[in-house]
Amino acid sequence: QVQLVESGGGSVQAGGSLRLSCLGSGRAFSTYAIGWFRQAPGKERRFISAISSDSDSTFYENSVKGRFTISRDSAKNTVYLQMNSLKPEDTAVYYCAAGTRVFWSSSYSYWGQGTQVTVSS
């Protein structure tokens with residue numbers, strides 16, 4: 001079993017940056033791919049980024065490609081999502097999740113509680 005806790009959300013102006021953290025607990029954390037999802041008000045949750053257990057593979061949805069960077073610090077059991085050049089449309093609740101297949105959103109079965117990101121224009 002894996003427990004996940006997100007942090008680092010907040011309010012920022014357009015063009016600004018935030019770094020989200022996903023802290024994992026449990027021995028199995030290092031064996032899982034970690035993905036980031038977001039859900040804006042009234043919209044479906046979207047799969048936006050992911051990193052494999054060995055950090056060799058990463059995924060970015062087109063809307064965040066070139067602006068967001070995912071990384072993993074195995075020693076700290078933490079996955080980061082560096083978000084630059086933020087836009088108002090990035091406003092959402094961001095969730096991290098642990099899964100077995102880095103590119104398959106349906107494989108993510110352990111979830112954090114979410115952290116709010118608000119980008120003002």
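Colleague: Is Tyr110 buried, partly exposed or exposed?
Modeller: Tyr110 counts as partly exposed, because its relative accessibility is 24%. Keep in mind that this is a predicted model.

Colleague: OK. And which ring does Tyr110 pair with?
Modeller: With Tyr32: the ring centres are 5.7 Å apart and the planes sit at 85 degrees, so the pair is edge-to-face. Tyr32 itself counts as buried, at 14% relative accessibility.

Colleague: Where do Tyr32 and Tyr110 lie along the chain?
Modeller: Tyr32 is in the loop between β3 and β4, while Tyr110 is in strand β10, so the pair ties together parts 78 residues apart in sequence.

Colleague: What about Phe47 and Tyr108, how are those rings arranged?
Modeller: They form a tilted aromatic pair, 5.5 Å centre to centre with 50 degrees between the planes. Phe47 belongs to strand β5 and Tyr108 to strand β10, 61 residues apart. Phe47 is buried at 12% relative accessibility, and Tyr108 is buried at 4%.

Colleague: Which rings make up the cluster?
Modeller: Ring pairs link Phe37, Phe47, Phe59, Tyr95, Tyr108 and Trp111. Phe37 also has the charged end of Arg45 over its ring, 5.8 Å from the centre.

Colleague: Switching topic: which residues touch the most other members of the largest nonpolar core?
Modeller: That core has 27 residues, and the ones touching the most other members are Ile34, Trp36, Phe68, Val79, Leu81, Met83 and Tyr94. Strand β9 gives the largest share, four residues.

Colleague: And what does Val79 touch?
Modeller: Among its contacts beyond four places in sequence are Leu20, Cys22, Phe29, Trp36 and Arg72. Arg72 also lies over the face of Phe29, 5.2 Å from the ring centre.

Terms used: Residues are numbered from 1 along each chain as its sequence is written. This is a predicted model: local features need pLDDT of at least 70, side-chain atom pairs count only at pLDDT 80 or more; totals for chains, interfaces and linings use all residues. Side-chain values use heavy atoms; hydrogens and water are left out. A nonpolar core is a set of buried Ala, Val, Leu, Ile, Met, Phe, Trp, Tyr and Cys residues joined through side-chain atoms within 4.5 Å. Buried means under 20% relative accessible area, exposed over 50%, partly exposed in between (1.4 Å probe, protein chains only). Helices (H or I, at least four residues) and strands (E, at least two) are DSSP runs, numbered from the N terminus. Contact means heavy atoms within 4.5 Å. Rings of Phe, Tyr and Trp (its six-membered ring) pair if their centres lie within 6.5 Å; planes under 30 degrees apart count as stacked, over 60 as edge-to-face and the rest as tilted. A charge sits over a ring if NZ of Lys or CZ of Arg is within 6 Å of the ring centre and within 35 degrees of the ring normal.
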